[in-house]
Amino acid sequence: MRRRTTWMVPIAVVGLMLAACGGGGGAGGDTTAAADTTCELDQTDGNLNLYNWSDYIDPELVTAFEEQYGVEVVESFYESNEAMLAQIQSGVSYDLIVPSDYMVSIMIEEELLLPLQKDAIPNIANLAPEFTDPPYDPGLRYSVAYQWGTTGLGVNLEAVGDAFVESWALVFDPELTQNFPGGVSLLDDPRETMGAALKYLGYSLNDTDLDHLAEARDVIRAAKPYIATFDSDQYDEALVNGEVSVSHGYSGDLLAAIWDAENPDAYTYVIPEEGGTLWVDNMAIPADAEHPCTAHTFVNFMLDGENGAALTNWTYYASPNAAAEPHILPEILEDPTIYPSDEIRQRLEIIADTGDYEINFTDYFAQAKS
Amino acid sequence: MGDASPEAAAAKAEAMRGFLISLPSYLYLVLFFAVPFVIVLVYSFASRSSTGRTVLGDWNLVSYKRLFDPLVAQIAFRSLWLALATTLLCLVVAYPFAYFIATRTPRVRNALLILVMIPFWSNFLVRTYAWRVLLGSDGPVSQITQVLGLGETRLLFTVWAILIGLVYGFLPFMVLPLYAAIERMDWSLVEAARDLYASGWTAFRKVTWPLTTPGVIAGSILVFIPALGAYVTPAILGGARTVLLGDYIVDQFLAARNWPYGSALSVALMTVMLFATFVYFRAGGRNL
Amino acid sequence: MERLLAANAWAVFAFFYLPILVLIVLSFNENRNVNIWTGFSTRWYGEILDNADVLRALRNSLVVAGVSTVCSTALGTAAALAVERFRFRGRRLFDGLLYLPIIIPDVTMAVMMLLFFVQALDLVNGLLGTRLNLGLATISLSHIAFNISFVAVVVRARLGQLDPAIEEAAADLYAGRWQVFRRVTLPLILPGVLGGALLALTLSLDDVVITSFVSGPGSTTLPVYVFGLVRRGVTPLINAVSTVMLLGSMLLVGLSLMVQRRPATLGGGNR
């Protein structure tokens, strides 16, 4: 008995090691019915397992969908694209996910997404032209834009002065930032922040020259004495509470905070003249989806003009849906920070996945911070 | 087997009993920890594909070689320092606190103990946000220094904010085992010591402290190890201006999607820590 | 000396409750942004009951915390007892194994648990023809796995300086080992067990990374939900929920104190 117990552990371990090896390679290998199913317009094949960011859809839209199609929407929430990827990659079954742009291209390469059946999504015609052929998913074979926004700078006008330059120098030039009370806040995100430094230097966000990346790293290093924090989370409040003078962050958060501030006129959101990031969150159906037809129907539902407008009126993020514009609140539609002018849009870039090179962004960012 | 003496048989039965008592948790940990852990071991020898998928089959030591990058040592050293400071501070604050609780009446004791934990049943993120308010340039500390004419003091985004945040978060981990140890102390020994030695301090050093070392050891382990891997508190309160071990590992798994390297880092960290824990225990055991 | 101790204790309690005070005050912030104070309002308390997502997340959290606390306390106490009181083959291995869940970085544990459960469920579903998916069960199993160790460490601290002679004396008096455990050992280690349980409960209520990796459709817990609010920001609603939970636990503690005040006659019928 005793002898057997001592042996039990190694045997179990070796057994599972084999299981892990055998199984790990097969991830995503099991073919499900989803790939062969043909979905008709408005067809449903069960409840919708929706996997989304928290608080990113108007609950009334969910209820409307449930009532219109007689299905239930089971909502689950994730806290990062990467946590969502890990789940989908491992084969956890959801019917609809909302990945950001770069994550869509990763998931396409990993064959984790189901090709969309356009016949079941006639409302895809409602998309504004610039969203019909995005670099991360040419021809919209796997994804449809959900909401979009920009990355830029929230600025405290009192601290910076009215005649400030709309440039990344506001966070990267120590000559400027040393005078800013509280310093500045940058996103704690290798791609966004190294990207901003690359833009400041005049390169593309998706530049893959290591020398350029080293330059960008040195820009951040030189600016570091006046960088109060690397923060992807509370930068908006930090700006409005006066902790920092300039905040690098996402348009929606910064704008909401500025509007909610006691003196909204004291702050503004700018997209630096060197250009910034355009980010797009997208609807996509995982290859393993159990209810792909309900998912198609949901995508079509969300692309309806009025529903798309309802979403934007609730989230205050810009809609990629051209048919929605007549129904969007004028104060959102006319806000140049939510819907930037064409001239500004020209300067925006979408972050692309750089494959093997990706690791350099993380490494150089870590070096910049050390 | 049959010719064993009664003592040997009794010892054997005793060993059997111990084994049976450990069996449920033993099996549980083997099935739900050791076996999954094999995956980490296996992954640490794998390689990363260009899309970030882990390629099994092409086994190599690349990830382990990367551990010798000077950046890793730098990050580890910084985290080590922070975790040590947190542990010491927690011990200094928690010991008299646990002593106080343990010397109340039993009814009050339990209530106080639960009162220690209740703050931690609120949501972690909003709790940490509250600290941002307290440590910010309008917080109470800053107000005091302004009244004193010393100007604004912003602790937020400094290493002090990280320390305060970590001590706050891990203090209960120190209080609970210390309380459990002190509460059980044989007070007659302390009294005897007070009779023998002149000062209370000597009595404490020679009797109370040695008697409570199991609690000190347990508390230090429960604070030091998690503090070494902490990353959310340092990021929100300290401003993430330096990379710590915790976020370095998280970044490997999530941002860089380099699971082999993340696994290798974890395996190395765990080996070092397990070894250190046993050494620490040995040292603690000798003091007893 | 006693005065100093008391002063220190109140200072520590102030330290514990200062941020909680801020948290409660902010729950009455009318602003959508929790950290931007613009005025007093009780609207967020009214919205708790309307927010189905938050309520479901809260319910999931409480279920997971309850189940994992009870199971890990039982398993962890047994584990502590075994390593501290008995000598058996495999004890050293078990001892080491017992520390690993504390040492492992949580993201590493998250990844390995996810890979493991997916494999295991595949296997189980293949063998039994079931359609089990990740969810509250896998979250609870993972929480138990790390909580066993934390409970065991706290209980061991207690057992470590308990004189085995007491138990031996009891063993001479009573007949069975079980009785010794129930009548002598358990009451003696109870403060340690309670401490371990409180720790387990707290860890379970706070875990984000492991939980988000091993959750399935519909099983989002409150911390994961809150961390997922990156797109639209954390609102004072979360503070309001936390405040309600805090008041609820305070009330429970108060009630249990009142019950304890009565002369305890277990099974003594009414009142």
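**Exercise 1.** Work out how many residues of chain A are in contact with how many of chain B, and which element gives the largest share.

*Solution.* Start with the count: 37 residues of chain A are in contact with 34 residues of chain B, a contact meaning that the C-beta atoms, placed from the backbone, lie within 7 Å. This is a predicted model, in which local features need pLDDT of at least 70, side-chain atom pairs count only at pLDDT 80 or more, and totals for chains, interfaces and linings use all residues. Residues are numbered from 1 along each chain as its sequence is written, while chains are lettered from A and ligands numbered from 1 in the order in which they are written.

Next, look at the elements (DSSP runs numbered from the N terminus: helices, H or I, of at least four residues; strands, E, of at least two). Helix H1 (2-24), helix H4 (101-109), strand E6 (227-230) and helix H16 (358-369) of chain A each give two or more residues to the side touching chain B. H1(A) gives the largest share, nine residues.

**Exercise 2.** Describe how helix H7 (residues 164-173) and helix H8 (residues 177-206) of chain C cross, and which residues meet.

*Solution.* First, the axes (lines fitted to C-alpha atoms over the stretch in contact, with angles from 0 to 180 degrees between N-to-C directions) come within 10 Å and cross at roughly 140 degrees. That makes H7(C) oblique to H8(C), since under 35 degrees counts as roughly parallel, over 145 as roughly antiparallel, 65 to 115 as roughly perpendicular and the rest as oblique.

Then list the partners: Ile166(C), Glu167(C), Ala170(C) and Ala171(C) in H7(C) meet Val180(C), Arg183(C), Val184(C) and Thr185(C) in H8(C).

Terms used. Contact = placed C-beta atoms within 7 Å.
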